Amino acid sequence: ALYHVTCRGNERKAIFHDDHDKKMFLEVLSDGLKTYHIILFCYVLMDNHFHLLLETPLANLSEFMRWFNITYTSHYNRRHKRSGHLYQGRYKSILVEKDSYLHILSRYIHLNPVRTKQKENTSLTEKKNYLKSYPWSSLLGYIEDTKKDSFVDYAQILETYGGDNREGRKLYWEAICNNVSAGIDIKEKVIGGSILGSDKFISWVRDRFLPSKYREIPAVKQLKRYNTKEEVIEVLCKEVGKSFDEIKKERGITRRIAMYLLYRVGGLKGTEIGEMMGVDYSTVSQGRKRLRETIKRDKGLLKIIERIEANLSR
C-alpha cells in the first residue's frame, strides 16, 4: 500500500539538533528501506517533524516504522546524552490511493518548508528560492538530476510529467510553483483521519478491511459512508434552530458551517453546494476557508462543529 507517514517530536520539540542529526536520520532511513524492501517516493525533514511518502510491497509498515524510530532515537539520545521518548506517540499514517494522489501528495509534502509561520508573509519569489535551496527534502532530486538521493524512487512520479528527464523535471517544478501561489488542499479530503482517495477506493477499503480490523490502517474504525445531504441539513438545522432556507439567506457563520459540513461529511463538490445554496463555487470555497480560519481562533465554534459531526456519525 501507499502511505503518507508523519511523526512529530515529543511536546512538539525538535527531533534534529543540527545537520549531523539530519544526515544520520537519512542514513538510518536508507538502511531501513533496503532491509524492509520499502519504496520511498519523497521526504521532507523539518525541525520538529518529518514527512515520508512510501510504498510497502510486503505490507510491513508497522515493522519498518518501529525499527526506524527506535534506531534513530537511539542514535539521537546517545549523541546528545539524553534518554526517554523523542517522538510524540506513535507515527501517523494515511493510506493513499496511488493512481489518484501519488503525484499530488508528493507536491503537498515538498511544499512543507514554506508552509510555516516564518515564511507566511514572504513573497512568492522568496518562497520558490527557499524551496530550491532547502537541502533536507527530496524535491531537489525532482528538479535537478545531479541532486538525486540513491534511496528515492523519482521515476514513478515524474512519469506523470513526461518522464525522468529534463522536460519532466521542468514540468514538475512548474507544478510546484503553481502550488506555492495557489496552494494545494489535501487535509479536507482525508476521510476518518486515515484514508485519502476516491469514493470508490474508500468504499473498497472500508468494505474489505474494516470488518477484520486491519492493523495497517490507523483509526480505521472511524471510516463510514458519507452522510446524505438531507442528513447533514437536518442535523445542522436542529443544532442552530433555523430552517435551511434561513441559513441560505445568511452571509455569516451559519452558512459557512453548512458549506463546510456538506463538503466534509456530505461528500458534495463545491459546485454542487453552490447550486444548493444559490451561490457560485468561489463563494463556497472562500466560505469554507474563512470558517477554517475562524475555527483556529474560536474553540466554542469548533465544539459546535464537532458536536454536529458526532451526531451525524451516529
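Q: What makes strand S1 and S4 count as a pair, and in which sense do they run?
A: In this predicted model, strand S1 (residues 2–8) and S4 are joined by five bridges in the antiparallel sense; because two strands pair if DSSP finds at least two bridges between them, S1 and S4 qualify as a pair. Within this arrangement, valine 5 stands opposite serine 93 in S4.

Q: How do you know that S4 also pairs with strand S6?
A: Two bridges join S4 to S6 (residues 195–196), and since the requirement is at least two bridges, the strands count as paired, here in the parallel sense. Valine 96 stands opposite leucine 196 in S6.

Q: Why is strand S4 called largely enclosed by the rest of the structure?
A: Buried means under 20% relative accessible area, and four of the five residues of S4 (residues 92–96) are buried, so the strand is largely enclosed by the rest of the structure.

Q: What makes up the lining of the second largest pocket, which holds about 270 Å³ of space?
A: Of the 13 residues that line the pocket, the closest to its centre are Asn69, Ile70, Tyr87, Gly89 and Arg90, while by class the lining has six nonpolar, five polar and two charged residues. Helix H2 (residues 61–79) gives the most to this lining, with six residues.

Q: Where is confidence lowest and where is it highest among the elements of the protein?
A: Helix H8 (residues 199–209) is lowest, at a mean pLDDT of 80, and strand S2 (residues 39–45) is highest, at 97. Over residues 218–224, the pLDDT is below 50, although this stretch has 21 contacts in the model beyond near neighbours in sequence.

Notes: Residues numbered from 1 in each chain as written. Predicted model: local features only at pLDDT ≥ 70, side-chain atom pairs only at ≥ 80, totals over all residues. Heavy atoms only, no water. 1 Å grid on protein atoms, 1.4 Å probe; cavity = no way out; pocket = protein on both sides within 12 Å on 5 of 7 lines; lining within 4 Å. Nonpolar A, V, L, I, M, F, W, Y, C, P; charged D, E, K, R; others polar. Buried < 20%, exposed > 50% of the residue type's maximum accessible area, 1.4 Å probe, protein only. pLDDT = per-residue confidence, 0-100. Contact = heavy atoms within 4.5 Å.
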